[in-house]
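Got the viewer open and your selection tool ready? Here is a short tour, stop by stop.

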Amino acid sequence: MFKKTLGIIFALLFTLAVSAASAATYTVDNVHSQVHFKVAHLVISTVRGEFTDYSATIDADPASKTLNSVQAVVKTASIDTRNQKRDDHLRSADFFDASNHPEMTFKSTKVVGNGDDITVYGDLTIRGNTRNVKLHGKFNGEVKDPWGNTKAGFEATGKINRQDFGLSWNKALDTGGLVVGDEVEIGLEIEAARAQ
């Protein structure tokens, strides 16, 4: 009985050691990544934009293509919809209020699945309002680039209601409907470097 128990303990320790050895920490390579969104405009069309200044740390296991945790910070003033007047309005108190809330953050609370079927639950904070959101994602794998760096690819999509975060500005249209839709679709294509 003692030998059997000892064997189980050694097997568990070995499993934990292998898991720890294959786990890795990655930081986002902004040059090869995108954090973007789209939202309905005037009911009949869609406006797309992105954030250009952000950072993130991802703890993951490339062997099993699983994620352990994700933490990200996005600078709200870095919003870019290819229209200066609109971007200035989005940075104003009507929307992100970037001068008083320069960052929005995401911190995972639970991750399930692996490979092409990962769901990340986490706390998203915008304008001081925190809501738990759900992202559907993929771990595309890990490779060595031509310069000897180890890179990994991740993707994620999700939807939020901007009203939940205090982004409530709108105007009614004479024909019915509103200038800006409430549902915002989020997309992330992330290339990240493995920490040495």
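This is a predicted model: local features need pLDDT of at least 70, side-chain atom pairs count only at pLDDT 80 or more; totals for chains, interfaces and linings use all residues.

Start with the aromatic rings: a search of the whole structure turns up six aromatic pairs. Rings of Phe, Tyr and Trp (its six-membered ring) pair if their centres lie within 6.5 Å; planes under 30 degrees apart are stacked, over 60 edge-to-face, and the rest tilted.

Select phenylalanine 95 and tryptophan 169: the ring centres are 5.6 Å apart and the planes sit at 55 degrees, so this pair is tilted. The two are 74 residues apart, phenylalanine 95 in the loop between α2 (84-91) and β7 (103-114), tryptophan 169 in the loop between β10 (150-161) and β11. Helices (H or I, at least four residues) and strands (E, at least two) are DSSP runs, numbered from the N terminus. Phenylalanine 95 is buried, at 6% relative accessible area, while tryptophan 169 is partly exposed at 22%. Buried means under 20%, exposed over 50%, partly exposed in between (1.4 Å probe, protein chains only).

Next, pick phenylalanine 139 and phenylalanine 154: centres 4.6 Å apart, planes at 35 degrees, so again tilted. Phenylalanine 139 is in strand β9 (residues 129-144) and phenylalanine 154 in strand β10, so the pair ties together parts 15 residues apart in sequence. Phenylalanine 139 is buried at 1%, and phenylalanine 154 is buried at 7%.

Residues are numbered from 1 along each chain as its sequence is written, and side-chain values use heavy atoms, leaving out hydrogens and water.
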